[in-house]
Amino acid sequence: FYADAVGIDLSEVPGEEFIETEDIRSALHDAGLSIAESDAITIHTGHRQAHYGVDDPQKRHAYLHEYTGLSEEAAYWLAEQGVENIGIDSPSIDHASARETGQFPAHDMCAEYEVLNMENMANLDQVAGKRYTLAAFPLKIRDGTGSPIRPVGILD
């Protein structure tokens, strides 16, 4: 949970579409970044900024049900690049349609490759297009599969 990281901006990918490998490669290229073995990657989709709100039922519904996520190919591509942690500013690294289809390819990849993931992150626009250090320590929960974290991006 303390690692070198790259932040990318994929806010142009609409909620109804999947994040594809080419989207990630293009964002990395545009920012002059590359993924190194054991990196974390954070994905700014703009979803949280546009839809997160507890007082607006329409925004709350959109936040929970209308967001982009990794395609199966993109998830496995990230694993093959050596990524050890994936963070995103939406409720899941999988596309919202996974709730209806029951298919969670990004989570399946994480289980297979032992890749961590962080969801519902905020302020990822602040590290998009940058290489930085990510510190994100979970609570120590016995036999747990998840935990709240307080992620911090450390910029040189």
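Start by selecting glycine 82, which comes after helix H4 and has a positive phi, near 95°. What you have open is a predicted model, where local features need pLDDT of at least 70, side-chain atom pairs count only at pLDDT 80 or more, and totals for chains, interfaces and linings use all residues. Residues are numbered from 1 along each chain as its sequence is written, and side-chain values use heavy atoms, with hydrogens and water left out.

Next, select H4 itself, residues 72–80. Helices here are DSSP runs of H or I with at least four residues, strands are runs of E with at least two, and both are numbered from the N terminus.

Now show what the buried residues of H4 pack against: helix H1 (21–31), strand E2 (40–44), strand E3 (85–88) and helix H6 (105–113).

Keep H1 and H4 on screen. Their axes, lines fitted to C-alpha atoms over the stretch in contact, come within 8 Å and cross at roughly 50°. On the H1 side, pick Thr21, Ile24, Arg25 and Leu28; they meet Glu73, Ala74, Trp77 and Leu78 of H4, a contact meaning heavy atoms within 4.5 Å.

Finally, zoom out to the protein chain, with its six helices and six strands. From the N terminus, the order is β-α-β-α-α-α-β-α-α-β-β-β. Along the principal axes, the C-alpha atoms fill a box of roughly 40 × 40 × 30 Å. Colour by burial, and 42% of the 156 residues count as buried.

Definitions and conventions:
Buried < 20%, exposed > 50% of the residue type's maximum accessible area, 1.4 Å probe, protein only. Axes fitted to C-alpha atoms, helices over the stretch in contact; angles between N-to-C directions.
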